[in-house]
Amino acid sequence: MNKEEIFAQVEKRKQDMIDDICALVQIDSTRGTPQEGMPFGKGPNDAVQKALAICQREGLSTKNVDGYMAYGTFGNSEEYIGIVGHLDVVEVGEGWNDPPFSAAIHDGRIWGRGALDDKGPLISAMYGMLALKDLGVEPKTAIRIIFGTNEETGMDDMRYYLQHEQKPLVGFTPDNKFPAIYGERGRAVIEVWGACDKLVDFANMYFMNANSNGDRLKIDVRDDDFGEMKIRSKNLLYDDHQMGIRFSLSYPTCDIDDIIDRIRKRAVGLTVKVISNSPVVLHNKNSWLVQTMQKAYEEATDTTCKPTTTTGGTYAHVCDSIIPYGPSFPGQNGIAHQPNEWVNIDDLVAYAKIYAWTLYRLCTQQIPKNPL
């Protein structure tokens, strides 16, 4: 089977894909109050139920994993290729032209919270899988589309899933950018607290008009995969007795404990707190999975490029057998989490074609023992 046949099948079901994406975007799936069987509230559960109904309509075998995640499977093998995305969305915020859950269509785009992050790309990936099913492809390794409910607020859904289900043999999350992504930067959120005068002196010395690489703090480390340290999201904090500054580190491969110690040495008379830390995830860019997906992307798009890394944080930070893969194309600016979130319909079709061809390349080969 060639890619033209697969792409043609994707085109045949373009309207079905648009309809299903719009139906999901119309569901307010922000995190809510936990209920029995709905650990993250009614909205995410409503979205999961709709996704399961779509899978059942398409003849996939389905399972709801206690409301944390749910999935539909194509194929019969015990091991499987995972497509892991999320149906939960961030808060709406202000500044919308169309109602945020209207799934309005105009200017060649679907507008609404979750259209790009991550309902649109996830359903595009599902339609990539369905193109293979519709064409009668028999996968050597089953393909499972997995719907998450808590990616935006902690990824506890993925942790629960991995405790109760076999993890994917290989796979991807359509929640970042193309081409194949072999690493995600580390992320740490730091707070420095103390008396107002000392905190102001600290902020003026190390942050005011400073480079974003942390050179004044002597934390300007770098590596060949991710580049240099980045300090982001600086915010002043106050309580009744003291003042603080919160900032995040987007860091390359390094000893994060040493980085924190360097900050403490310069925060004289102040308290340094590590609020959260997600370590670097780095895979071999020459691994079978990365190279197979990279080649599939190049074949699907008639382009030549190299695998890359990302500053983003996805389910690949929790599940070590998958990598980020799409949906944003090189050069596109991210608009996820912003008012008037949108996704181009032509891009959705392009995503589905790339995912269909990639899944075909993955599921018709014998996957090696150490694919990543």
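This report describes salt bridges in a predicted model.

Local features need pLDDT of at least 70 and side-chain atom pairs count only at pLDDT 80 or more, while totals for chains, interfaces and linings use all residues. Residues are numbered from 1 along each chain as its sequence is written, and side-chain values use heavy atoms, with hydrogens and water left out.

A search of the whole structure gives 18 salt bridges; the term stands for a side-chain nitrogen of Lys or Arg within 4 Å of a carboxyl oxygen of Asp or Glu.

| Pair | Closest N and O atoms |
|---|---|
| K63 and E165 | 2.6 Å |
| R264 and D261 | 4.0 Å |

Helices (H or I, at least four residues) and strands (E, at least two) are DSSP runs, numbered from the N terminus. Accessibility is given as relative accessible area: buried is under 20%, exposed is over 50%, and partly exposed is in between (1.4 Å probe, protein chains only).

K63 forms a salt bridge with E165. K63 belongs to strand β1 (residues 61–65) and E165 to the loop between α5 (156–164) and β7 (170–173), so this pair ties together parts that are 102 residues apart in sequence. K63 is partly exposed at 38%, whereas E165 is buried at 12%.

Helix α7 (residues 256–266) holds both D258 and R262, four residues apart, about one turn of the helix. D258 is partly exposed at 29%, and R262 is partly exposed at 26%. R264 and D261 also lie in helix α7, three residues apart. R264 is partly exposed at 40%, as is D261 at 37%.

Elsewhere, a network of salt bridges links R13, D16, D20, R57, E58 and D134.
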